[in-house]
Amino acid sequence: MAAGAAAGVAVERITVGRGMRMKARLALDAAGDYGSLRGTEGTCRAEDGTALYYEVDEVPADAPVKRRLRRKPAPPATVVFCHGYCLGQDSWHFQRAALRGVVRAVYWDQRSHGRSARGLAQADGEPVTIEQLGRDLKAVIDAAAPEGPLILVGHSMGGMTIMGLAELFPGLVRERIVGVALVGTSSGRLGEVTYGLPAVGLGAVRRFLPGVLKALGSQVELVEKGRRATADLFAGMIKMYSFGTRDVDPGVARFAERLIEATPIDVVAEFYPAFQTHDKTVALQRFADIPVTVIAGDRDMITPLAHSEAIKEALPGAELVVLESAGHLMMLEQPETVTRLLTELLARTGAVPAPAAANVGGHGRSTAGSAARPGPGS
């Protein structure tokens, strides 16, 4: 998997000294404010007792509220953002910056990621499951958004978490969820993903990779030292698998690198097997009667376009938008486009006024379907 990245790094080593590369990274870390946005902090407990960290961005108190005669104002809609594997809530930096003050939003770190605690069930030897992540999301919703309409946004593993929630809590979907955005995610068959590798030998890689990750996870300190020692190669791999083009902003590429390298190797090992057995195609039907936006990158090698097309096939009423020249971290690579699509979804649910969606630009090709369910304020 490292061959393409290694070639690029080899050229860089010839032309740029190691000390200069380190100074460049430090300069990018200092110059960029990516991941600096903070909200009202909160912590809740998962079913197994794991502490889950979240933050809430509230709508200003002086924002206009629809009132009905002699009735208490309806609770505002809340957008809940679920991040992907080896990332954290800060991966939504650009969307968070755009939506602050526009809509109530909750950002949370999945177990063993970001500021959330290590999974207690995993400490006892239990494997991570998508169903467990779905229950974690339910705990966050109960704590941070106990009432009012919900719009769920999930990237990669975060989208799978939303599917896990739908499978376990159909009543919640029916009663409160008014919109869903699934970004670069999959409803199943992840074991067939080639990651851009040739078919020859891929079967052997799939057979041995879980065992290799488990072995690496048992030698955390040694592996983390190795990751630091091979930082150039690691950064090259992240860029290759995260973005669809080479001309991504260096500050954004460095930000993605920092997010991913913050995930310990034993966490990587704990979560990987859950993806190989993930299958939530049936659970998608819970969203058949609400607005759903599916966003895919046509150069995504982690969850290829075919996986978003499969979600569209399971949900004919969903809108599928394919971002050209976009990789897996499309919300960082093409932030304006992703933000516009999310804002349009919020407008369709009634969570924000329609003009707000029209003022955000971007590019992508869309396959639209119909979806109908009254949103808040309809």
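Helices (H or I, at least four residues) and strands (E, at least two) are DSSP runs, numbered from the N terminus. This is a predicted model, so local features need pLDDT of at least 70 and side-chain atom pairs count only at pLDDT 80 or more, while totals for chains, interfaces and linings use all residues. Residues are numbered from 1 along each chain as its sequence is written, and side-chain values use heavy atoms, with hydrogens and water left out.

View A. Ser156 counts as buried, at 6% relative accessibility (buried is under 20% relative accessible area, exposed over 50%, partly exposed in between, with a 1.4 Å probe and protein chains only).

**View B. Arg189 also has a positive phi without being a glycine.** Here phi is about 65 degrees. Arg189 belongs to the loop between strand E6 (177-183) and helix H8 (202-217). Is Arg189 buried or exposed? Arg189 is exposed, with a relative accessible area of 61%.

**View C. Strand E6 pairs with E5 and with E7.** Two strands count as paired if DSSP finds at least two bridges between them. E5 and E6 run parallel and are joined by 6 bridges, with Ile151 opposite Gly179 in E6. The pairing of E6 with E7 is parallel too, over 4 bridges, and there Ala181 faces Thr293 in E7. 7 of the 7 residues of E6 are buried, so the strand is largely enclosed by the rest of the structure. As background, side chains in a regular strand alternate between the two faces of the sheet.

**View D. Ile151 is among the residues with the most contacts inside the largest nonpolar core.** A nonpolar core is a set of buried Ala, Val, Leu, Ile, Met, Phe, Trp, Tyr and Cys residues joined through side-chain atoms within 4.5 Å. The largest one has 42 residues, and Phe81, Ile151, Phe243, Leu323, Leu332 and Leu346 have the most contacts inside it. H11 supplies the largest share of this core, 6 residues. Another core lies apart from it, with 39 residues, among them Leu52, Trp108, Ile162 and Ile311. Back at Ile151, the residues touched include Val79, Val178, Gly179, Leu345 and Leu346, leaving out residues up to four places away in sequence (contact means heavy atoms within 4.5 Å).

**View E. Helix H15 is mostly covered.** H15 (residues 335-349) has 15 residues and reaches 21 Å from its first C-alpha to its last, close to the 21 Å expected at 1.5 Å a residue. That expected span is 1.5 Å times one less than the number of residues in the helix. In H15, 11 of its 15 residues are buried, including Pro335, Arg340, Leu345 and Leu346. Just after the helix, Gly350 takes a positive phi of about 90 degrees.

View F. The structure holds 20 salt bridges.

**View G. Glu55 and Arg38 link distant parts of the chain.** Their closest N and O atoms are 2.8 Å apart. Glu55 belongs to strand E2 (residues 51-57), whereas Arg38 is in the loop between helix H2 (18-31) and strand E1 (40-45), 17 residues away. Glu55 is buried, at 0% relative accessible area, and Arg38 is partly exposed at 26%.

**View H. Lys280 forms a salt bridge with Glu167.** The closest N and O atoms are 3.6 Å apart. Lys280 lies in the loop between helix H12 (265-277) and strand E7 (292-297) and Glu167 in helix H6 (residues 157-168), so the pair ties together parts 113 residues apart in sequence. Lys280 counts as buried at 3% relative accessibility, while Glu167 is partly exposed at 32%.

How values were computed
A salt bridge is a side-chain nitrogen of Lys or Arg within 4 Å of a carboxyl oxygen of Asp or Glu.
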